[in-house]
Every structure is written in C-alpha cells, then in structure tokens.
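Take a look at the model first, then we'll dig in.

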Amino acid sequence: MSLYDDLLSGKTKLALVGLGYVGMPIAVAFDKKVKVVGFDLNKHKIGLYQSGIDPTQEVGDEAIKASTVEFTSDEAKLREAKFHIVAVPTPVNQDKTPDLSPVEGASTIVGRNLTKGSIVVYESTVYPGVTEDICVPILEKESGLKCGVDFKIGYSPERINPGDKKHRLPNIRKIVSGMDAETLEEVARVYNLVIEVGVYKAGSIKVAEAAKVVENSQRDINIAFMNELAMVFDRMGIDTNEVVDAMNTKWNALGFRPGLVGGHCIGVDPYYFVYEAEKLGYHSQIVLAGRQVNDGMGAFVADAAVKEMVKAGQTVRNSKVVIFGLTFKEDCPDIRNSKVKDIIEGLQAYDIKPVVCDPWADAVEAKKEYGVDLVDCKSIKEADCLIFAVGHKQFKALTPAEIEGMYKQIPAEQKVLVDVKNLFTLETLRGTGYRWWKL
C-alpha cells in the first residue's frame, strides 16, 4: 500500500506544522478526508483552536468547532504522522535578507520526530534550493535517517490569499513537486484530496520554489509601476485612478492600481529572489527597484497628508490625525509587515502622534508588534485629518454624516481627508468641501 492509501484508511496521519493563515485552513480541509495532527509552538493559539476559536478568521469558529483536527503543541504527536506539511512563515531580517530561522526550526522539530517511510512537503516561500540544500540536511541530522532512502521530500508553495473569500484553497490550482517521480505522484494524489481544481506537477522542487517567488515578484513589480506613476501624476495634478479607469477600457490592460504593498508574501518574497541572485553574482535591477518604490509608499502618503494639512492652514504639530486601518490588507486581521507602520512613522517624524483604529486587528498584537494602542473607531472625535489606509468594509460603509462627525468644528476647507485605498469617488470628495488627497 502507498502512503496515500494509508492516509485514507486511517493507518497513519497527516501533520500540519505551523497553524497560521496558511497552515490552519489546510489542516481543516484535510481533516474532512484523513486524520490530521495540527502542530504549532504557540500554546495560546493552540488553546484558541481547541476552544473552537479561529483568530485568523480564515475558516471561522464553526468550522474549527466542527473539525476533528488534533491541535497540539506537543511535538511528539508528529510521530503519529507520516505525511508532514510545513507551513511556517519565512520573513526577512532588518537588512532585507531572508530569515530562514522559522523553516529551519520547523525542520529540526519534524526531524526529531520523523519516522521511516515519511514524506515531508514544504509550503513556506523560499528561494530555489532551500528545501534540498538547507532543510534536508537538518531533517537527516535530527532523524538519523537518509533522504531518498528512509524518507522523501516535496515542495508545494502556498497560494492562500488571507481574507479572500472567493479564491480559497479548494479552487486555487496547487503547484506540487517531489524529489523523484514516485514522490511527485504521491504528493499530487494527497493534495488532490482537497484541491478541487487539481494540481500542477512542476518538473522539480527548485522549479516549484522559483514559481512562488516569481509570481509574487511579478505582482510587486506591477504595483510598483502604478505607484511610481501615482507619484508623478500627483505632481501633475492628475488623479491616478481616473487614468487607470481609462486605461482599463483596453482589452489587454492589467488593471493594477497604486497602494501599500505589505504582508507576508508580496512585500517579502522579492527579497528572497534578490538575495539568491546576489549570491550568484547578479545584481537585480527590476525586482529590487520595484521593491524600493513600494517600500517608500508609506512615507510618501505621510508627507502628502502633512502637505495637505499645511495647505489647510493647520498647525501640523498639534493636529489630530486618525489612521483608519492597520492590517496589511482589507477585511483581514493579519498585521504582519503592514506598511501602515510606515505612515505612522512618517507622521511621527513631524511630531504627530496619530490615532489608529482597526476593527479587524487584535489590540494586543498591535501593541506588541508596532507599539500602537488601537482605539474604537466609533470614538473618533475632534480630528483634523482622516487617513483611510486600509479598505475594510466597515470603512466603506461609513456615511457622510458619520465621517463629518469625526472632525473638529472647523470650516470644511480646513478638514483634511486622505484616501489611500480609493474608497471615495472624486465626485464625493469634491462634494464634501474638504481638502482631500488620493493616492
């Protein structure tokens, strides 16, 4: 019998190592087909899952309660599984070099509990070569087993889009790869249990690793192009989104718009490509330039807000600025690598202490990660400037009267509104009488 058959018969289990925005939905999906062990070092998170609470809001509390996933922080439980999926984050260091410590740590834990006949599949985004050149030696050292003889490895880059309720795990085609043809077929069969639209079999592990980095770098570059245009159009007095609307009437327009580019994928993955390219003696020109443009957008927005406050006749240092949104994207509680942080720091450079509200973000995490004390959006009063940095549905639903109630009792032309996410139409903004600015 194959490992696939052993999973279906319940003879062995599938283990998910890392239960965040990617790992947890995968664990819950596989739980409908096979026995699953869900492992994470974060005991607090495991406690929430065991209580039927989904802090990621990816599958919801009811799905967690209904699942039979064995959520645990006890690594010994991994010995009950022979198909291991590693889905831990791969961030960057302060100097923008890859931080492989999470995936190395996960490999150490899996290695300590690895048994003969197992398959280990990595989903964490890495540059080509990490799985075979860095993870495999750790697995072998910790387990005392030989890769290719006692256990096999594969790679299947995660493609889950946090907060996206349309593109979900079952309907996103999955890239799979294996160290040999036999492993590839086995990995493909297992993933086909939960991927309704099927899988794509990559020619090698390195090809699969590269595909993930490239797809996010491509998106990063396209957004960087629009961000650069936005900075130029701002000087020209042209609304960028009007230009994009006009451009999109052509059949082959790509439809990208300017914005803040953060998060754990698009804002990080290009640096993995750049790092490996530099090691091979090639200095990235396009990818790195795109990253530099996007990394500067938070400061650009902060400067634009200050300029508008000056033009409105406000005393900048004593102005009350409110930022709506802290998460890295709309309708999602994930605050990792949020570029709103750069807006906050940009304002602080002018001695402004902005107030931040976000109905999706966790207050404890916000304080720990960014030193931000979140306030209730409904409590906002006496503001001079409102910056809409994230497009949460709650912000889109605000009425003109509710927005007006957040400002000080000052003339309309002295009230400043900054629209980073294109939440308001030009007609609406012009009708307010406020001094406004759009990215």
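Q: Which elements do the buried residues of α13 pack against?
A: Keep in mind that this is a predicted model. Helix α13 covers residues 340-348, and its buried residues are V340, D342, I343, I344, G346 and L347. They pack against α11 (286-295), α12 (297-311), β9 (321-324), β10 (355-357) and β11 (385-388).

Q: Is D342 buried or exposed?
A: D342 pairs up with K341 in a salt bridge, 3.8 Å from N to O. K341 is partly exposed, with a relative accessible area of 29%. The cut-off for buried is under 20%. D342 has 14% relative accessibility, so it counts as buried.

Q: Where are the two partners of the D295 and K339 salt bridge?
A: The side chains of D295 and K339 meet at 3.2 Å, N to O. The pair links distant parts of the chain, 44 residues apart: D295 is in helix α11, and K339 is in the loop between β9 and α13.

Q: What is the relative accessible area of K339?
A: K339 carries one side of a salt bridge with D295. Buried means under 20% relative accessible area. K339 falls in that class because its relative accessible area is 7%.

Q: Which residues does N294 contact, leaving aside its neighbours within four places in sequence?
A: N294 is found in helix α11. At 1% relative accessibility, N294 counts as buried. Its contacts beyond those neighbours are D220, I223, A224, N227 and V261.

Q: Why does the salt bridge of R159 and E215 tie together separate parts of the chain, and how many residues apart are they in sequence?
A: The two side chains meet at 2.9 Å, N to O. R159 lies in the loop between β6 (151-155) and β7 (174-178), while E215 is in helix α8 (residues 205-236), so the parts tied together are 56 residues apart in sequence.

Q: Which element gives the largest share of the largest nonpolar core?
A: That core has 37 residues, and L14, F30, F83 and Y191 touch the most other members. The elements giving two or more residues are α1 (3-9), β1 (13-17), α2 (23-31), α3 (43-50), β4 (81-86), β5 (118-122) and α7 (181-191). The largest share is six residues, and it comes from α2.

Q: How far apart in space are V22 and P89, C-alpha to C-alpha?
A: V22 is found in the loop between β1 and α2, and at 10% relative accessibility V22 counts as buried. V22 touches A87, E123, E158, I160 and H264, not counting residues up to four places away in sequence. V22 and P89 are 67 residues apart in sequence, but their C-alpha distance is 9.0 Å.

Q: What is the radius of gyration of the chain?
A: The chain has 17 helices and 13 strands. For 439 residues the globule rule gives 22 Å, and the chain comes out close to that, so it is as compact as a globular protein of that length, with a radius of gyration of 24 Å.

Notes. Residues are numbered from 1 along each chain as its sequence is written. This is a predicted model: local features need pLDDT of at least 70, side-chain atom pairs count only at pLDDT 80 or more; totals for chains, interfaces and linings use all residues. Side-chain values use heavy atoms; hydrogens and water are left out. A nonpolar core is a set of buried Ala, Val, Leu, Ile, Met, Phe, Trp, Tyr and Cys residues joined through side-chain atoms within 4.5 Å. Buried means under 20% relative accessible area, exposed over 50%, partly exposed in between (1.4 Å probe, protein chains only). Helices (H or I, at least four residues) and strands (E, at least two) are DSSP runs, numbered from the N terminus. The radius of gyration is taken over C-alpha atoms; the globule rule is 2.2 Å times the number of residues to the power 0.38. Contact means heavy atoms within 4.5 Å. A salt bridge is a side-chain nitrogen of Lys or Arg within 4 Å of a carboxyl oxygen of Asp or Glu.
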